[in-house]
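Please work through each task before reading its solution.

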Amino acid sequence: MISWWLSKRHHLNSSINSFFEQIVQNLSSFFFEAGRTVLFFSQSIKLLFTKPSRFKDLLIHMEFVGNQSVLIILLTGAFTGLALSYQIYIGFNLVNATNLVGPTVALGIFKELAPVLTGLIVAARAGGAMAAQLGTMRVSEQIDALEVMGVNPLQYLVAPRLMAAILTMPLLCGVFDAVAIYSAELLCVNLLGLDSAIFWNKIQMWTDTDAINEGLIKAGIFGMTFSAICTKTGFYTKGGAKGVGDATNKGVVYSMVMIIVLNFFTSNLIRLYHSIMESL
Amino acid sequence: MSQEIAIDIKDLKKSFDGGKTFILKGMNLKIPKGKITVIIGFSGTGKSVLMKHILGLHQPTSGSIKVFGRQLSDMSNEEIIKLRIKMGVLFQHAALFDDMTALENAAFPLKEHRRELKKEQREEIARHKLKISGLDEIHYHKLPAELSGGMRKRVGLARALALDPEVLLYDEPTTGLDPILTEMVDDLMYSTHRSHKGTTSVVISHDLHAAFRLGDHIVMLDKGLVKMEGTPEDFINTDNEFVRRFVNKGIRRKE
């Protein structure tokens with residue numbers, strides 16, 4: 001009986017140990033990869049300011065990340081505005097506070113939903129394409145070809161993509177903000193019978209440019225995040241078609257998770273910054 | 001017989017796993033200037049790793065590589081970039097940029113390194129290089145996906161020649177091609193070498209027949225070392241049993 005108990009206890013102890021070892025291993029590999037991504041980003045972005053100029057490439061990538069995402073952002077923004085305002089209207093109607101539907105929708109969209117949803121959508125669309133393009137170039141030796149031609153692939157391929165995402169994400173977030181809020185107004189005023197003047201007046205009363213700026217800053221940070229993750233996973237792709245698929249999948253999934261995690265921390269950091277500034 | 005040396009490799013060792021196993025195990029090799037050197041050997045003997053060392057894409061674990069008398073390890077990044085401009089590489093699958101046409105691919109090195117040239121001038125040079133590489137003009141504005149394997153090799157060669165390199169490296173240029181295309185690529189390499197006087201050509205290949213047809217100087221690698229080097233005649237008349245078997249039966253993939 002005692003020997004049975006001792007063997008079970010030993011088994012349990014080793015299971016617990018291996019569980020914690022696995023957690024530590026995963027955490028250390030996460031921080032290692034995060035560190036490598038930051039290094040990759042900092043090495044690449046500074047190359048954008050070295051000769052030769054990649055301004056034309058930057059514009060091409062901005063058109064790809066920004067212009068080609070507008071339609072999908074318009075659609076997402078419109079339906080997010082409609083759905084959110086309807087749910088908030090139902091809730092606030094119960095307590096006769098429908099006057100506050102406008103500002104609640106506006107704050108939710110400006111500060112949280114617009115940057116996060118824009119980040120997720122553009123990460124899936126443009127980030128996935130970045131990882132797949134660079135991964136294909138890696139496995140078909142196009143990146144090696146660039147290097148042997150004396151062209152720095154980080155400067156030629158990575159830096160313009162990073163900067164394009166950082167610059168266009170706030171613009172797309174602004175488009176999302178505008179479309180979502182006008183869609184909310186369309187529903188609340190034209191279908192649910194709220195007063196248009198009250199709707200806009202309450203929004204002006206309860207929101208300020210800081211709320212919009214918070215979302216735009218966050219969108220820029222998310223652009224930086226997904227472009228760094230996706231270009232890195234693509235750039236260091238190994239293997240053939242499977243390697244490209246894995247890199248794309250990894251890039252998009254990591255980007256999406258990081259956008260949601262970073263959203264929490266950046267919201268709190270921005271709030272902390274505002275409270276410090278107010279106390280000064 | 002003394003001849004000028006383009007690339008001088010001494011005691012080159014390379015390990016990718018911190019010294020547990022070595023791909024290159026102390027390789028010594030001199031590649032003569034102005035000649036065609038063919039490097040042959042089984043798969044996994046370190047041919048492509050050797051080529052990446054010559055291009056400065058890999059750092060040796062130990063040993064030295066001198067290109068045109070300059071030690072690669074002593075060079076700064078800028079100097080290595082300048083050195084690479086003097087080298088043209090034809091990759092196994094051509095490695096063309098798939099969002100550029102054949103003409104744009106051939107003009108790419110000029111666009112990057114001869115910025116003083118106007119677009120029309122760059123295109124004129126690229127057209128000339130495509131022409132001497134044997135690509136018909138009707139294919140100049142096609143994307144790589146629209147070209148056959150042989151045409152892609154021609155565009156790859158034109159791109160490699162764009163900056164008039166002093167060293168041309170061919171990484172297994174005929175692997176996976178049918179016999180007719182293989183012969184065409186071999187002829188292309190030979191005529192390119194003859195038409196570019198003074199160019200040093202280094203061909204990495206599995207193909208023994210190509211080695212004998214093209215090579216002024218043949219190097220045989222085995223297990224990360226130079227097994228034998230010499231002229232094609234030296235290989236035919238050798239007493240080395242391993243090399244004789246190799247020459248008589250041709251290269252087979254190691255089981």
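The exercises below refer to this predicted model.

**Exercise 1. The nonpolar core**

Task: Determine which residues of the largest nonpolar core touch the most other members, and which helix gives the largest share of this core.

Solution. 
- Step 1. The largest nonpolar core has 94 residues, and those touching the most other members are F226(A), I7(B), I39(B), L50(B) and L169(B).
- Step 2. Helix α6 of chain A, residues 153-191, supplies the largest share of this core, namely 18 residues.
- Step 3. Apart from this core lies another one of 26 residues, including I36(B), M184(B), L208(B) and M228(B).
- Step 4. For L50(B), with residues up to four places away in sequence left out, the residues touched are I9(B), L12(B), L24(B), M27(B), L29(B), I39(B) and L221(B).

**Exercise 2. The interface of chains A and B**

Task: Describe the contact between chain A and chain B by residues, by buried area and by salt bridges.

Solution. 
- Step 1. Chain A brings 16 residues to the contact and chain B brings 23 residues.
- Step 2. About 1,600 Å² is buried between the two chains, with 59% of this area given by carbon and sulfur atoms.
- Step 3. On the side of chain A, the most area is lost to chain B by E141(A), V148(A) and M149(A), which together account for 39% of what that side buries.
- Step 4. The rule finds 2 salt bridges across the interface of chain A and chain B. R54(A) forms a salt bridge with E112(B), where the closest N and O atoms are 2.8 Å apart.
- Step 5. Helix α5 of chain A, residues 142-148, provides 6 residues, the largest share of the side of chain A that touches chain B. By class, that side has 8 nonpolar, 4 polar and 4 charged residues.

**Exercise 3. Two residues compared with the cut-offs**

Task: Decide whether H139(B) is buried or exposed, and state how F265(A) counts by its relative accessibility.

Solution. 
- Step 1. H139(B) is placed in the loop between α4 (119-132) and α5 (149-161) of chain B.
- Step 2. Buried means under 20% relative accessible area. H139(B) has 10% relative accessibility and therefore counts as buried.
- Step 3. Beyond its neighbours within four places in sequence, H139(B) contacts A102(B), L147(B) and M151(B).
- Step 4. F265(A) belongs to helix α9 of chain A, residues 241-279. Because its relative accessibility is 48%, F265(A) counts as partly exposed.
- Step 5. From C-alpha to C-alpha, F265(A) and T168(A) are 22 Å apart in space, and they are 97 residues apart in sequence.

Definitions and conventions: Residues numbered from 1 in each chain as written. Chains lettered and ligands numbered in written order. Predicted model: local features only at pLDDT ≥ 70, side-chain atom pairs only at ≥ 80, totals over all residues. Heavy atoms only, no water. Core = buried A, V, L, I, M, F, W, Y, C linked by side-chain atoms within 4.5 Å. Buried < 20%, exposed > 50% of the residue type's maximum accessible area, 1.4 Å probe, protein only. Helix = DSSP H or I, 4+ residues; strand = E, 2+ residues; numbered from the N terminus. Contact = heavy atoms within 4.5 Å. Buried area = accessible area lost by both parts, 1.4 Å probe. Salt bridge = Lys/Arg side-chain N within 4 Å of Asp/Glu carboxyl O. Nonpolar A, V, L, I, M, F, W, Y, C, P; charged D, E, K, R; others polar.
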